[in-house]
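Biologist: I would like to learn how to read the contacts between and within chains in a model of this kind. Could we go through them one feature at a time?

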Amino acid sequence: MKLAYWMYAGPAHIGTLRIASSFKNVHAIMHAPLGDDYFNVMRSMLERERDFTPVTASVVDRKVLGRGSQDKVVTNIVRKDQEEAPDLIVLTPTCTSSILQEDLSNFVARAQEQSKADVLLADVNHYRHNELTAADITFEQIVRFYIEKCKGNLPARSEKPSANILGISTLGFHNHHDCRELTRLLGDLGIAVNVVAPEGCSVHDIQRLPAAWFNVVPYRELGRPVAEYLQSVAHQPFVDITPMGVIQTAQFIRAIQQILTAGGVAVDYEEFIREQTLFVSQAAWFSRSIDCQNLQGKRAVVYGDGTHAAAITRILAKEMGVRVVWAGTFCKYDGEWFRSQVEGLCDEVIVSDDHALIGDRIAQAEPAAIFGTQMERHIGKRLDIPCGVISSPIHIQNFPVGYRPFLGYEGTNQIADLVYNSFTLGMEDHLLEVFGGHDTKEVVTKTLTADTELEWDEAATRELARIPGFVRSKVKRNTEKFARESGRNQITLEVMYAAKEAAGA
Amino acid sequence: MKLAYWMYAGPAHIGTLRIASSFKNVHAIMHAPLGDDYFNVMRSMLERERDFTPVTASVVDRKVLGRGSQDKVVTNIVRKDQEEAPDLIVLTPTCTSSILQEDLSNFVARAQEQSKADVLLADVNHYRHNELTAADITFEQIVRFYIEKCKGNLPARSEKPSANILGISTLGFHNHHDCRELTRLLGDLGIAVNVVAPEGCSVHDIQRLPAAWFNVVPYRELGRPVAEYLQSVAHQPFVDITPMGVIQTAQFIRAIQQILTAGGVAVDYEEFIREQTLFVSQAAWFSRSIDCQNLQGKRAVVYGDGTHAAAITRILAKEMGVRVVWAGTFCKYDGEWFRSQVEGLCDEVIVSDDHALIGDRIAQAEPAAIFGTQMERHIGKRLDIPCGVISSPIHIQNFPVGYRPFLGYEGTNQIADLVYNSFTLGMEDHLLEVFGGHDTKEVVTKTLTADTELEWDEAATRELARIPGFVRSKVKRNTEKFARESGRNQITLEVMYAAKEAAGA
Amino acid sequence: MVSQPTTIGGPQFECETGNYHTFCPISCVAWLYQKIEDSFFLVIGTKTCGYFLQNAMGVMIFAEPRYAMAELEEGDVNAKLNAYDELRRLCLQVKKDRNPSVIVWIGTCTTEIIKMDLEGIAPRLEEEIGIPIVVARANGLDYAFTQGEDTVLAAMAARCPEPQQVRSEEEKKERTLGLRSLFSMGKKEDKKSEQQASTPVYADHRPLVLFGSLTDPVVNQLTLELKKQGIKVSGWLPAPRYTELPIVEQGVTCVAGVNPFLSRTASALQRRMRCNLVNTPFPIGPDGTRGWIEAICKTLGVTPKGLEEREAQVWAALKEDVDFLAGRSIFFMGDNLLEVSMARFLIRCGMKVLEVGIPYMDKRYQQAELELLEKTCNEMGHPSVRIVEKPDNYNQIQRIYELQPDLVITGMAHANPLEARGITTKWSVEFTFAMIHGFTNAHDLLKMVRKPLDRNNNLKSLGWEKLIQEV
Amino acid sequence: MVSQPTTIGGPQFECETGNYHTFCPISCVAWLYQKIEDSFFLVIGTKTCGYFLQNAMGVMIFAEPRYAMAELEEGDVNAKLNAYDELRRLCLQVKKDRNPSVIVWIGTCTTEIIKMDLEGIAPRLEEEIGIPIVVARANGLDYAFTQGEDTVLAAMAARCPEPQQVRSEEEKKERTLGLRSLFSMGKKEDKKSEQQASTPVYADHRPLVLFGSLTDPVVNQLTLELKKQGIKVSGWLPAPRYTELPIVEQGVTCVAGVNPFLSRTASALQRRMRCNLVNTPFPIGPDGTRGWIEAICKTLGVTPKGLEEREAQVWAALKEDVDFLAGRSIFFMGDNLLEVSMARFLIRCGMKVLEVGIPYMDKRYQQAELELLEKTCNEMGHPSVRIVEKPDNYNQIQRIYELQPDLVITGMAHANPLEARGITTKWSVEFTFAMIHGFTNAHDLLKMVRKPLDRNNNLKSLGWEKLIQEV
């Protein structure tokens, strides 16, 4: 057992349901006890989805438990087949019902006999996988199923360059806006979007996937297995560079250029990249402009899923001149990749999904800003450190009505604002504090500093009070450290200034 | 003399310079003492402008004052004519130099003799006009000058429907993004943009203005005089409905439909409006969706320039179901129009530019949210009431790098987010307070409640402490009022509940 | 075509497939950990349970709540790990970090399925670590949403001490004056207030204990209403602190519930603690509140005074909203078990109740409420109410399309899709958390019912009813 | 082609058109109202002045500052309204709302042009309302940016009391121990500290008053540096409170400035108050700080001790940054009058100074600084420095294009356009507000100079130098 208050990724069945309900005209049957169907609430509430979530709980109660689930599950599948006429019905248990060790494949086989729709059992171990890995598995399973159904009779490559976008799904972090921006970007490059999957993709569309010249996999967490499968069966290359930030977006475009050139269409996107980088996107100019000069050397921590934490770390370090004290991810299963991405861009890498550890490490680092999940945002509130949210777990604030992509050139603008506002809004609060606009706080803040026998005299205490809140505890600790090392037990102004000079050297 | 801490609109010369420096290849000479040229700083810093601001101060110092300014001003005009080869040089004094009562027209006449560029004196009374009205006057003056130069030889109407967008200017509140969105919207309607003015418009473009079928004047504060002038000399109709919010955007489109139809091109945009309203814009659905139900009857105050305060009031009242306790504007010169716009949409209208009065009225109203300027945002911080910024005076935060229009259908999305975040982020803070996530505050908050002889007993005090901060002072006052009226001087739980029932009735 | 009951009379009961959406009963942790200040709740379940809590609780999660998941991992499910050892480890940590007065174990579907013997383990561990452990099996196999509270209170009822168990006077005072705040009038008047408290404003009656978790203001309000009748509330289950659980004198103490979903708690108090259960409707709406007070008075042998006036006065205050709601139709999809009480009150307000979905109906515990419902229908000329137990949401939605109710009270999963189809909705869960009990809050309840109607009325002119693309 | 001075020797002075950008001198209000805690600043000017303050002060405006505009309206400008009456009305309101110890009137260009007799009105009104009124003519006709402070301090200098004017011991203590915080060691040791304070750690020397507004930490730091030399600072102009203005004994007290823009204050102290002005470079950089302390020591007849080591020690701490900066070129467009002192320090660091623009140069008051500059140039083998008074920004930019300096120190109006053209800049105004004086802060100053170079170095690989469209 594990004592837990918070998890960064949901259970496996959430991942499966995200895939199933992203597809068009696919219905999922969740074989689970009452109350386990909160996925429907999440989708309906967070995405403000207008349609009923195509997921039906086949409720396991004490009675069902007594006499076995098979009849109920099969009945519910067949009933949905008639009521909704879906192309595909996906059956999934949850952590709970998976322990019953029922022969669900047999349920599916029986239901298939009476259904027009295809019926599939999502093939996931609910104790070994989480939302992210389960989504990846289910996505691949469904695509494979329909491609295999073609029996090698795959469509021909489209005449003009085209691409599939793989990995856009319901309840994904800013996925809809990212997809719109990617489509626009591909359009600017003269490339048509063949199929977007799984979001809005029908099972018939799956069979059209091989017509694209290549696949785009913008997120590390979803779509790679599908892209790899399509590469093996349909010889489709794929681009798995996340086009987040100006540098990576340029890399992404160059990778596409290579594919097109190899495919017989010679293109040169360098001028497009230059124009977008310097003049259409405002991010490069933003970074160079004078009021962002003070971002130089500012300290930040970054934490999130692999895709976003790696990309934001790169942007902060390379494009903004911000010092990333540590970068971390909760995608432990992909820790090696994450390390390889951020190596050299930050002082330290942390791969952990222990929110308490993450909170402590933030408190210790005392960064000027955090870029993390909703959890880190709240940690930041407690510590009085601003936080920009850059990653799932999703929250209603990550489904803005206004256009807020993270990818592509408009994404670079949005990220520039996020970074700027995180640092300056924090700054504004501190200025107000310094200039007495808000209630002034207790001078010696309750921080991680251990109780100490050092005594601050009145003048030094007053001096400390003048130091803005966001560096005060650091000055306090540095001074105390210096005092201890130099064997003094009262801190006077002299000690403070001497400590400052010593630290500066 | 007037004791003042804050002004909502700048001095007249700022308005003149905003117009002059919005035009392309127009240079302004500011005849003023050292330090009065902070317009250049504002433009360079707030807009992160890459180019040098085309405004040169012809500095008035003690020496110049002694021997007269004429030589210096004329020299500077002629010099700029040579250095920059502008099409037009605009001369403006400031509040200070305008008192010198020099014959500036004569300066201009003399400078004109030696300059290739046209030279104009901006014709504004610096004590009777402010930034907004002065901008309007200068804009009209320049347009009139170049249209009159045509001597009736105006260009013919374009073959296909086209429009000018009037009133987009530098240092305007979200003007660039609004312009992009308007252009997109007109494009969707099959209408080409002929000229945008003054931003990016050359004096040659001014002479092309009459080719458009009609003019669009999105903001009440800038462009109407130009539109009216063009209507009189070139028979161009204009649309002065601000397309902010779904309702007004529909009205705006319908007004265009009328003009086009009258101009011989019958169009029917109703289906477009329906599609955009219900499905492309997410604002209508947002408003109807369930987690916005609680916006119903929430109390807000709105304050800003005429355009934005009126439009946001309409959106809150009509589209969001929010109760606007009062709506106000600092555009006193246009108070009548403002009243006519918001009448029936709010409980009270306030026309005033006294920031102290506005602050007091907000404190008294105790709204759940404020929609105002940066000043109101800070008032909100003090009162612990969230504020969405909807109007100038401009601030660097109103020049986001990411796309944030207020107009058109994407504008409706952005405004929906603004409203939602203003109410819910405030709510989140209060929830955290209620659930003890933050330091708990003093129970009886320092509010406007006058000192009172009423005594709260312990139980009632504890009960009061349980009430979330954002309604606590209201409950406190209601209870005390009830207690006073019913002649009690100790407040017990019984009194509290009785007061609640009485208030509910 | 949906067959509409037209006969006047008792409610018609139906039962459907049970394919309906409601929150998992472990969600009761959200309000109970706040209510019982010295408690710690340990939910023993899977990632699925944990993620549900995290999403359902929203912002609360960040406020360092006094609850946590004991997340079952593969080794726990395979029984490779020893449950006693694992729970011991976690509870010791909880003791170290928080030192609560009680740890409540919330069993889940998974502990049921793997047959983890929580009831067997708890007494041993309780002794070992020196903190009481209460076991509640708030699982979705047996219970719905609000019934989670029922499982906790039923388990906790057994921990109420008998009078002889309470030795010190101080403890006695604490346990009998469970409303700590209510009778202390502030420091200045300490003596006076003690005198007041000893003044016999109360009738001489058997001890009365109320059960059901309400927010403190509502607890105070109901206690004051009973005080007006000369009735002293000896205690509430739950009390604000576990150490203040009320004294229950077997065979003597009377008990009354405040919520319809507490049937197991009622029977635990009746059977295990040999209390006298007051058969009463629930204090929702002025009618229900009056009925509740009257039933208590009757059981305790106190003659009610001024109740009719009190009720009339509240109705008068509600007039505007009642006038607004009268004649409008409402459909309960079924979620929190408050449905019958709310339907009864709203029928009294003149509304037309088209269907009352409800996860579970204990006809005995709800007997007085069902009688009041029938009486109300008769008096208001309302047709017999259709009560659908274990509803099927799909079927209900078909009925909603057909009946076009003015308002649908529904769980969170269906509200947005219904709104997008022009059907006005209100979340049932809001009624679970809002203060709606007693005379004082009747107004708030009506305001909540009215708000969505006001809203969509307000937006009506905009033509935004159908917000889905017709296929 | 810009002619580059190559000869080693004294600086070469030039003067241009004065068409340059700098902040209005009334901006001094921003820091002085914070520095003098019991003051209120009333800026008597137009909307133009008010809007400037509002924009320049940014967030400070919201913190209820102790300053306001007396906004001149048409009637004031036309002299239709009586200035005395108007100012009386406003000052009475200020007295009522804030009750400051002093009201400082900041005259502006407009009061100059309409010849409002502020100096005439003030004494009468001061008497009438009972609050001292200090008049400073911080106008843009005569002064630039930081000189605003000079006008205020010069006016305030006349208010420094003579010893015989200060009667009570307490007041004397306040005024002579202007650094209230410095010698009180916390409550526990009150007695001990008083003993300490009376212990003769100080040499016997004439009273020394320092002038110039620095933030409190820097005031403390410089005071401590002098204390190390046995020199006691009798007071600072300005003091933290108006009521604590230092005692000035005519003909006896020595005064030394800390900033190069305080020439009028210096001459007011010299001429009106008959003080002995120490001719000294300014305490910017370890070299300047050492020179400043030495000059003070010399004037007071104290032999400096350990200064060479102290300077060397600071230089050692700066080594990394000095190594980085050595050989790089810098161009000062001219803004805050700190330019010469900074240039001198940076030449000592090995930088190449291409031009020192400066709004105004008082060669007498800056004499020691200019001498140190010449000495530094000689020792570092740096060519004679071109000092351009009243520069012309347009011409400067042409020179910048040609010389391609590594760094341009510039006002806010030109930074972004220069950056967009690939020229690295730093805001001069940051040096005005940052703590850069004395030994302790030399490091911060170099860090500030270095930051933009580091930054653009960091971004270099991205090829984002030219961010303008080539025409």
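Biologist: Which side chain does Arg450(C) meet in a salt bridge?

Modeller: The general idea is that side chains of opposite charge can pair when their charged atoms come close. The rule used here asks for a side-chain nitrogen of Lys or Arg within 4 Å of a carboxyl oxygen of Asp or Glu. In this structure the partner of Arg450(C) is Glu320(C), with 3.7 Å from N to O. The two belong to distant parts of the chain, Arg450(C) to helix α19 (residues 442–460) of chain C and Glu320(C) to helix α13 (residues 307–325) of chain C, 130 residues apart; helices (H or I, at least four residues) and strands (E, at least two) are DSSP runs, numbered from the N terminus.

Before going on, a word on the source: this is a predicted model, in which local features need pLDDT of at least 70 and side-chain atom pairs count only at pLDDT 80 or more, while totals for chains, interfaces and linings use all residues. Residues are numbered from 1 along each chain as its sequence is written, chains are lettered from A and ligands numbered from 1 in the order in which they are written, and side-chain values use heavy atoms, with hydrogens and water left out.

Biologist: Is Arg450(C) buried or exposed, and is Glu320(C) buried or exposed?

Modeller: Buried means under 20% relative accessible area, exposed over 50%, and partly exposed in between (1.4 Å probe, protein chains only). Arg450(C), at 14%, counts as buried, whereas Glu320(C), at 59%, counts as exposed.

Biologist: Which residue forms a salt bridge with Arg88(D)?

Modeller: Arg88(D) pairs with Glu128(D), and their closest N and O atoms are 2.2 Å apart. Because Arg88(D) lies in helix α4 of chain D and Glu128(D) in helix α6 (residues 118–129) of chain D, the pair ties together parts that are 40 residues apart in sequence. Arg88(D) is partly exposed at 32% relative accessible area, and Glu128(D) is partly exposed at 41%.

Biologist: Where in chain A do Lys149(A) and Asp118(A) lie?

Modeller: These two side chains meet in a salt bridge of 3.0 Å, N to O. Lys149(A) is in helix α7 (residues 131–149) of chain A and Asp118(A) in strand β5 (residues 118–121) of chain A, 31 residues apart. Lys149(A) is partly exposed at 43%, while Asp118(A), at 14%, counts as buried.

Biologist: How many salt bridges are there over all chains?

Modeller: The count comes to 118. Some are linked in a network, which joins Arg62(A), Glu112(C), Glu119(C), Arg137(C) and Asp142(C).

Biologist: Turning to interfaces, what area do chain D and chain B bury between them?

Modeller: The size of an interface is often given as the accessible area lost when the parts come together. Buried area here is the accessible area (1.4 Å probe) that two parts lose on being put together, summed over both. Chain D and chain B bury about 5400 Å², 60% of it on carbon and sulfur atoms. Counting contact as heavy atoms within 4.5 Å, 72 residues of chain D touch 56 residues of chain B.

Biologist: How many salt bridges are counted between chain D and chain B?

Modeller: There are five, one of which joins Asp51(B) to Arg421(D) with the closest N and O atoms 2.5 Å apart. On the side of chain D that touches chain B, α4(D) gives the largest share, eight residues.

Biologist: Which strand of chain B pairs with β3(D)?

Modeller: Two strands pair if DSSP finds at least two bridges between them. Strand β1 (residues 2–4) of chain B pairs with β3(D) in the antiparallel sense over three bridges, and Leu3(B) stands opposite Ala70(D) in β3(D).

Biologist: What area is buried between chain A and chain B?

Modeller: The area is about 3100 Å², of which carbon and sulfur atoms give 47%. In chain A, Arg48(A), Arg50(A) and Val401(A) lose the most area to chain B, together 23% of what that side buries. The contact takes 40 residues from chain A and 40 residues from chain B. Two salt bridges are counted between these chains, among them the one from Arg48(B) to Asp291(A), with the closest N and O atoms 3.5 Å apart.
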